[in-house]
Amino acid sequence: MAAIELRGLTKVYPGGVKALDSLDLTVPDGEFFALLGPSGCGKTTLLRTIAGLETATGGAVVIGGRDVTGVQPGGRDIAMVFQDYALFPHMDVSDNIAYPLRIKKVPKAARHAKAAEVGARLGLEQLMDRRPGQLSGGQQQRVALARVMATQAQAFLFDEPLSNLDARLRLEARTFLKKLQRELGVTTVFVTHDQAEALAMADRMAVMEAGHIRQIGTPAEVFQRPANTFVAAFIGSTPMNLLDAVVRGDTLEVAGCKLPVPASAEGLLTEGEKLVYGVRPEYMTYSAQPVDGSLTGGVVILENLGASHLVTLDVAGVLVQAVVPEGHEPALGEQGYAVPRGDRALVYRDGELVTA
Amino acid sequence: MAQVTSPPKPAEVVSPAPARRYSSDAAGLGRLRAGAFVAPALALIAVFLVFPALWVIYLGLTNYRLTGAAAAEPQFVGLDNFVKAVTDPEFWDSTWLTFQFVLGSAVIGQVVLGFTLAWMLKDRRGTLKSVVEGLVILAWILPSAVVSFLWVALLDRDAGTLNALLGIPGFAWLLDHPMLSIIIFNTWRGTAFSMMLYGAALGNVPPSHLESARLAGASGWQQLRDVVFPHIRGHILTNLLLISLWTFNDFSPFLLTAGGPDGKSEVLAVHVYKVALQNGDLGYGAAISTVILLINLVVAVFYLRLLRSKK
């Protein structure tokens, strides 16, 4: 078990594409860390560079205090679960789990005992003689996890660990993975493009865009206080309302409505300044009666989210969304008043969060 | 039954068209018309493959000769030709030489060289790959007559290019090392097929499997053993089957050495040619051909068994 440290890590592909641009990142010992971002943001390249499957163009990868930048993948004392699990089809489950030990020249009896022990822990006892082709997706994933666990590596890397499972199984596997990581206490970095997955599983996460890390923080921080409009728009199952605003005295003028300056930005704004006002639909209080400091408009769309509804208001041509608990949903065409929570509303100047 | 809490709006009921009964007759032609479509192909196969094969078996049972009295009125001699073949040391010498030729040039030469080239060029792009592939394929597609002339010129005793390069004029490659010469010649000639086949096969090995092995610390050889070979096992066996049979029946060594000197490179294909056409003993030649056919069958069955056996 060990911390992972990246110092000024840069990866430029032949042809000049800069996949990673001088990244600094520290994942402390035992942390469950998520790399999140849209396709092509460099998150997988970053994971593969930590693994040594890609060679860094510049900077250093330090695992457990040892600089492994120039070390082959096999010498880094890490283990990885691939997106397709990469189980060898011609070996049974037991041989697959024991494979890394076989390469390390662990005697046959010892490595199969280890495989049986790890397999039993993941509920694979009945499947040890099967081939990967005879297993379901969820079972294959557990075999891949067992193979990683059997190595007793210092750190684990997971590449999109849940993306090959169907939606129902994904939720179960999410809980299972988090519990397992907590029990093992091994530093684990995983890559995902699904913000809900990152929020649910990670202790801390990094949100990436075009080879840069845009924010590092706990899921709560990233969700509640996105550091910039990119993160604000990327995180959350319903996109954050990002509305153009102008400072007018001690209020903000947003889509023709007057809103109080959010608590986080008090005293940091100048008169007449053009900003972006951000508030999550979940942090809006909807009312059918007129309220002061609300965004006012007609209800144009209603979306059922299960236990709540997503209401879209047309506020002077700007679409604003608010989440309304079940039983309080308005009718289409009705006039609605959405009040942002003052302690959750945020203000962005040039795309960056305005904060003390 | 699912509970319907909100019935759908009633829609027009469209009764499905009566399902067409699907039989094994997918095209719906019927036996007669289907047979008519296949007939021309079957006729060609019968005339040019089945009939000659049966004719060879029949000839093998006669004393048919190219010229003379036995050419006009061949006599039925039963299994005499076959007995003569299996008791003739020349026949067994040729079989042994053919075995060396197949093992050396096909199984070891073409497969090993072809795979090595494909493996080394796997992740490469650009000029080097194009040049190597181009050269290898060129050796494969050139006409035999051109190729054998080139090799005769290369290996010639007095004015040969190779001797000039090595600075050993007068060294008679084709006389002193006839088997080695034709083995290297055929390896050079036929590697392209194996290289292309393995190139395609290696493209099917999932990169994540190789990376998984690398992360476990597997060496290059361990990656080949544990990931690559199990994945391309079927390709390897198919490749071996094809090139073994092709090489077994290959006549081109004749163009280089004419079977000589003193029968030292007289593989079976050359042996049959000499017996049947140079000595004019068609009946005996046909009998040897039948034996070759049987050996080919055994080789094919052996590989197909391996291919079908569980991994």
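## Basis of the description

Residues are numbered from 1 along each chain as its sequence is written, while chains are lettered from A and ligands numbered from 1 in the order in which they are written. Since the model is predicted, local features need pLDDT of at least 70 and side-chain atom pairs count only at pLDDT 80 or more, whereas totals for chains, interfaces and linings use all residues.

## Overall form of chain A

Chain A contains eight helices and 21 strands; helices (H or I, at least four residues) and strands (E, at least two) are DSSP runs, numbered from the N terminus. Along the principal axes, the C-alpha atoms of chain A fill a box of roughly 75 × 45 × 35 Å. Of its 356 residues, 43% count as buried. A residue is buried if 20 or more other C-beta atoms lie within 10 Å of its own, exposed if 12 or fewer, and partly exposed in between, with C-beta atoms placed from the backbone.

Among the contacts in chain A with a separation of 6 or more, 66% involve residues 24 or more positions apart. Two residues are in contact if their C-beta atoms, placed from the backbone, lie within 7 Å.

## Two domains

Chain A is divided into domain 1 (4-228) and domain 2 (241-353), with bounds that come from an automatic or database domain assignment. The centres of the two domains, taken over C-alpha atoms, are separated by 39 Å. Their contact takes five residues from domain 1 and six residues from domain 2.

On the side of domain 1 that touches domain 2, there are two nonpolar residues, two polar and one charged. In this classification, Ala, Val, Leu, Ile, Met, Phe, Trp, Tyr, Cys and Pro count as nonpolar, Asp, Glu, Lys and Arg as charged, and the others, Gly among them, as polar.

## Two open sheets

One open sheet of chain A has six strands in the order β6-β7-β8-β3-β9-β10, with mixed pairing; two strands pair if DSSP finds at least two bridges between them. Strands β6 and β10 (212-217) stand at the edges with a single partner strand each, so one side of each is left without a neighbour in the sheet. The twist averages 20° from one strand to the next, where axes are lines fitted to C-alpha atoms, for helices over the stretch in contact, and angles run from 0 to 180 degrees between N-to-C directions. Within chain A, strand β3 (residues 32-36) and strand β9 (residues 204-209) run parallel and are joined by four bridges. Leu35(A) has Ala206(A) in β9(A) as its bridge partner.

Another open sheet of chain A has five strands, ordered β15-β19-β16-β17-β18, with antiparallel pairing. Its edge strands are β15 (284-287) and β18 (318-325), each of which pairs on one side only. Here the twist averages 45° from one strand to the next. Strand β16 (residues 295-304) and strand β19 (residues 335-340) of chain A run antiparallel and are joined by four bridges. Leu295(A) stands opposite Ala338(A) in β19(A).

## Helix α1 and local backbone features

All nine residues of helix α1 (residues 43-51) of chain A are buried, so the helix is largely enclosed by the rest of the structure. Among these buried residues are Lys43(A), Arg48(A) and Ile50(A). Just after α1(A), Gly52(A) takes a positive phi of about 90°.

Asp77(A) lies in the loop between β5 (66-67) and β6 (78-81) of chain A, and counts as partly exposed because it has 17 C-beta neighbours inside 10 Å. Glu160(A) is in the loop between β7 (155-159) and α5 (167-184) of chain A; with 19 C-beta neighbours inside 10 Å, Glu160(A) is likewise partly exposed.

## The nonpolar core

The largest nonpolar core has 160 residues, of which Leu157(A) and Tyr277(A) touch the most other members. Such a core is a set of buried Ala, Val, Leu, Ile, Met, Phe, Trp, Tyr and Cys residues joined through C-beta atoms within 7 Å. Helix α4 (residues 89-121) of chain B gives the most to this core, with nine residues. At least three residues come from each of domain 1 (4-228) and domain 2 (241-353) of chain A.

Not counting residues up to four places away in sequence, Tyr277(A) touches several residues, including Leu243(A), Leu252(A) and Val347(A).

## Contact between chains A and B

In the interface, 15 residues of chain B are in contact with 16 residues of chain A. Helices α10 (207-215) and α11 (220-231) of chain B each supply at least two residues of the side of chain B that touches chain A. The largest share of that side, six residues, comes from α10(B). By class, the side of chain B that touches chain A has six nonpolar, five polar and four charged residues.
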